Amino acid sequence: MQSPLPVRDGVNATRLRLPDEGPWETALDYMMHRWGHIDPQGIEDRFDAGEIVGEAGIALDRSTPMQDHTFIWYYRTLPPETRIPVELNILHQDDHLLVVDKPHFLPTTPGGTYIQESALVRLRNQLGLPDLIPMHRLDRMTAGILLLSTNPETRGKYQVLFERRQVQKEYECVSAAEPAPGHPAVDFPVVVRNRMTKSRSYLLAEVVDGEPNAETRIERLHTFDGSGAPGVDGGPHRRALYRLEPHSGKTHQLRVHMASLGLGIVNDAFYPELLDKAPDNYAKPLQLLARGIRFVDPISGSPVEYRSRLELSEAR
């Protein structure tokens with residue numbers, strides 16, 4: 001459902017569904033029930049200023065009955081945010097697409113404590129493109145190629161490519177050169193298939209019994225002596241650079257599949273073991289990079305490929 005309010009400061013208006021029944025007579029009563037303990041005067045001021053609207057952009061006032069609208073829209077009061085000390089690099093821009101290198105630590109879209117400090121909002125404000133929408137997502141801790149649609153009229157043509165899995169993605173990661181103790185040796189290249197699930201109430205994705213819904217091809221590119229602690233034999237700590245080609249797009253899929261082989265990605269705070277939450281350490285980003293993406297462009301009909309210019313800091 002399209003918002004009747006335009007994007008403001010790079011952020012979409014918030015949509016709220018009003019309940020079908022309850023003890024509240026007006027939309028104001030319900031909003032006071034939900035958020036009156038936080039900013040009651042601010043809510044009343046927004047109604048008085050006509051900043052809370054219903055379908056077709058009709059402004060609500062303090063007396064608007066709750067049953068007059070199913071959905072209402074309003075602008076949230078944005079809390080101050082500390083700027084994340086990373087930068088986006090634009091790789092390509094045309095009438096339909098924007099391709100950027102997203103750095104580690106920057107979320108793709110607004111959420112939680114990150115609103116202005118998201119790739120989408122930064123780019124909307126920087127480029128003056130309020131209709132900008134990401135075609136896919138990268139985890140906050142993953143860097144690399146990110147595609148965004150700049151044109152609502154052609155957006156659907158690109159969305160279909162992702163829905164039909166006609167987009168090929170390539171990632172790189174750094175991990176140990178050999179599996180952790182207790183895991184069998186791996187004959188590369190290897191294809192990992194299993195069934196994954198993730199609930200919104202739990203941080204980690206889980207592998208469960210059932211028909212596989214996640215698949216990744218993993219290839220070891222080369223090994224090298226990594227920095228840090230020595231290996232189990234006292235010699236250099238051997239690491240390797242891996243190429244990952246996912247054939248599905250489950251949350252945390254690549255991190256889970258690497259960890260399942262006993263090859264947890266360097267600086268991963270989730271897999272194979274969930275570490276205590278700590279402030280972001282910008283000197284130790286997750287060693288996972290979306291290296292490239294390719295597809296047949298639905299507008300030109302020609303094959304295209306976009307490659308990240310970033311490098312993993314520990315891939316040497």
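Helices (H or I, at least four residues) and strands (E, at least two) are DSSP runs, numbered from the N terminus. The model is a predicted one, in which local features need pLDDT of at least 70 and side-chain atom pairs count only at pLDDT 80 or more, while totals for chains, interfaces and linings use all residues. Residues are numbered from 1 along each chain as its sequence is written, and side-chain values use heavy atoms, with hydrogens and water left out.

Two non-glycine residues with positive phi are described here. Phe 105 lies in the loop between strand 4 (97-102) and helix 3 (119-127), and its phi is about 80 degrees although it is not a glycine. With a relative accessible area of 3%, Phe 105 is buried; buried means under 20% relative accessible area, exposed over 50%, and partly exposed in between (1.4 Å probe, protein chains only). Ala 56, also not a glycine, has a positive phi of about 65 degrees. Ala 56 belongs to the loop between helix 2 (40-48) and strand 2 (71-74), and counts as exposed because its relative accessibility is 79%.

Cis peptide bonds were assigned from omega. Phe 188 and Pro 189 are joined by a cis peptide bond with omega of about -5 degrees, and Pro 189 is located in the loop between strand 7 and strand 8 (190-197). The bond from Tyr 271 to Pro 272 is likewise cis, with omega near 5 degrees. Pro 272 sits in the loop between helix 5 (253-260) and strand 12 and, at 67% relative accessibility, counts as exposed. When residues up to four places away in sequence are not counted, Pro 272 touches Ala 259 and Gly 264, where contact means heavy atoms within 4.5 Å.

The nonpolar packing was examined next. A nonpolar core is a set of buried Ala, Val, Leu, Ile, Met, Phe, Trp, Tyr and Cys residues joined through side-chain atoms within 4.5 Å. The largest such core has 33 residues, of which Leu 148, Ile 218, Tyr 242, Leu 244, Met 258 and Leu 288 touch the most other members. At least two residues of this core come from each of strand 4, helix 3, strand 6 (143-149), strand 7, strand 8, strand 11 (237-246), helix 5 and strand 12. Another core, of 14 residues, lies apart from it and includes Val 99, Leu 161, Val 304 and Tyr 306.

On a 1 Å grid over the protein atoms alone, a cavity is a set of points where a 1.4 Å probe fits but cannot get out, and lining residues have an atom within 4 Å of a point. Grid points are joined across faces, edges and corners, and a volume is the space filled by probe spheres set on the points. The structure holds one cavity of 30 Å³ or more, and the largest cavity has a volume of about 50 Å³. Its lining consists of His 136, Leu 138, Ile 145, Lys 169, Glu 170, Tyr 171, Ala 290, Gly 292 and Ile 293. Strand 7 (168-176) and strand 12 (288-296) are the elements that give two or more residues to this lining.

Val 160 lies in helix 4 (residues 155-163) and, at 27% relative accessibility, counts as partly exposed.

Key. 1 Å grid on protein atoms, 1.4 Å probe; cavity = no way out; pocket = protein on both sides within 12 Å on 5 of 7 lines; lining within 4 Å.
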